[in-house]
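Hello,

Here is the structure I promised to pass on. Please open it and keep it beside this email as you read.

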Amino acid sequence: MRVADTGGAREFDEVRRGYDRAEVDAYFSLPAGLRPDGPGFAVARRGYDRDQVDRAVAAARGPAPADAPVSVGAGAGGRLGRGFDLVRHGYERAQVDAHLALPAGGRPVCPRFRIVGRGYDPGQVEGALAAAYPSRTGAPAVPVFATAWRGYDPVPVDAHLASAPHHRPAPGAFPLVRGGYRRAQVDAYLAATGPQPPASGGR
């Protein structure tokens, strides 16, 4: 499989239990100086040969340019790339990194990020984007959920998500339909981005 890169074309073999191809493609589509450290690609049922990709990532690393975007919320322990925690059912890392690598004036206001098995904490990403677009009344990003044989009806879920996180009513029991949104992803997203309950004081 040929992957575009600023230094020429790259070829990775497709194998079982390889790195997710979309994440690798998105990573190498970025200018070399804007690629995140430790990309941590997800492993897919069929994807790019991991050893080949790891060697290509190591060979392509270089010092970041002086005008590279600053990491968002970088902290210690358990955080990669731009400082977001990695969680189950989070935003696809390569898509978020590619969005934040764009010049501020060239970023879409409502990016679409795919929900994957393990990715950036949606609540942290939404918080960073909300700070960048304070005039927006709706959610700054649009989650793209996987579908399941039986999942949540997309219509009420989309309607629920159309309002800003702090304005959303408490979610009800969304009806189940064939080919609906994967329930675990929707539940995890709502828990990560919804209003957090106040800490209970001890008595």
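**Confidence**

This is a predicted model. The mean pLDDT of the protein chain is 73. Of its residues, 66% reach 70 or more. Confidence is highest in strand S10 (residues 176–178), at a mean of 93. It is lowest in strand S5 (residues 79–80), at 37. One is residues 1–9, with 24 contacts in the model beyond near neighbours in sequence. The other is residues 62–81, with 32 such contacts. Where pLDDT is low, the predicted coordinates should not be read in detail.

**The cores**

Which residues have the most contacts inside the largest nonpolar core? They are Tyr91, Val96, Val125, Phe145, Val157 and Val186. This core has 21 residues. Six elements each supply at least two of its residues: strands S6 (84–91) and S7 (112–120), and helices H3 (93–101), H4 (122–132), H5 (154–161) and H6 (183–193). In soluble globular proteins, nonpolar side chains tend to be buried together.

Look at Val96 next. Leaving out residues up to four places away in sequence, Val96 touches Phe84, Tyr91, Phe113, Tyr120 and Val125.

**Aromatic pairs**

How many aromatic pairs are there in the whole structure? The search finds seven. One of the pairs is Phe12 with Tyr48. Phe12 sits in the loop between strands S2 (10–11) and S3 (14–19), while Tyr48 belongs to strand S4 (residues 43–48). The pair therefore ties together parts that are 36 residues apart in sequence. Both Phe12 and Tyr48 are buried.

There is also an aromatic cluster. Tyr91, Phe113, Phe145, Tyr181 and Tyr189 form it.

**Helix H2**

In helix H2 (residues 50–60), the buried residues are Gln52, Val53, Ala56, Val57 and Ala60. They cover an arc of only 130° around the axis, so they lie on the same side of H2. On the other side, Asp51, Arg55 and Ala59 are exposed. Asp49 caps the N-terminal end of H2. A side-chain oxygen of Asp49 lies 3.1 Å from the backbone nitrogen of Asp51.

**Helix H5**

Why do the buried residues of H5 line one face of the helix? First, the residues: Val157, His160 and Leu161 are buried. Seen down the axis, the buried residues of H5 fall within an arc of 95°, and therefore they line one face. Strands S8 (142–144) and S9 (147–152) are included in what covers them, and so is H6. Val155 and Ala159, on the other side of H5, are exposed. At the start of H5, a side-chain oxygen of Asp153 reaches to within 3.0 Å of the backbone nitrogen of Val155.

H5 also holds Pro156. Is Pro156 buried, exposed or partly exposed? Its relative accessible area is 28%, so Pro156 is partly exposed. Setting aside neighbours within four places in sequence, Pro156 is in contact with Phe174 and Pro175. The C-alpha atoms of Pro156 and Pro175 are separated by 8.2 Å. Along the chain, these two prolines are 19 residues apart.

Best wishes

Technical notes:
Residues are numbered from 1 along each chain as its sequence is written. This is a predicted model: local features need pLDDT of at least 70, side-chain atom pairs count only at pLDDT 80 or more; totals for chains, interfaces and linings use all residues. Side-chain values use heavy atoms; hydrogens and water are left out. A nonpolar core is a set of buried Ala, Val, Leu, Ile, Met, Phe, Trp, Tyr and Cys residues joined through side-chain atoms within 4.5 Å. Buried means under 20% relative accessible area, exposed over 50%, partly exposed in between (1.4 Å probe, protein chains only). Helices (H or I, at least four residues) and strands (E, at least two) are DSSP runs, numbered from the N terminus. Contact means heavy atoms within 4.5 Å. pLDDT is the predictor's confidence in each residue, from 0 to 100. The arc is that of the directions from the helix axis to the C-beta atoms. A polar contact is a pair of N or O atoms within 3.5 Å; within protein, one must be able to donate a hydrogen and the other to accept it, and residues adjacent in sequence count only if both atoms are side-chain atoms. Rings of Phe, Tyr and Trp (its six-membered ring) pair if their centres lie within 6.5 Å; planes under 30 degrees apart count as stacked, over 60 as edge-to-face and the rest as tilted.
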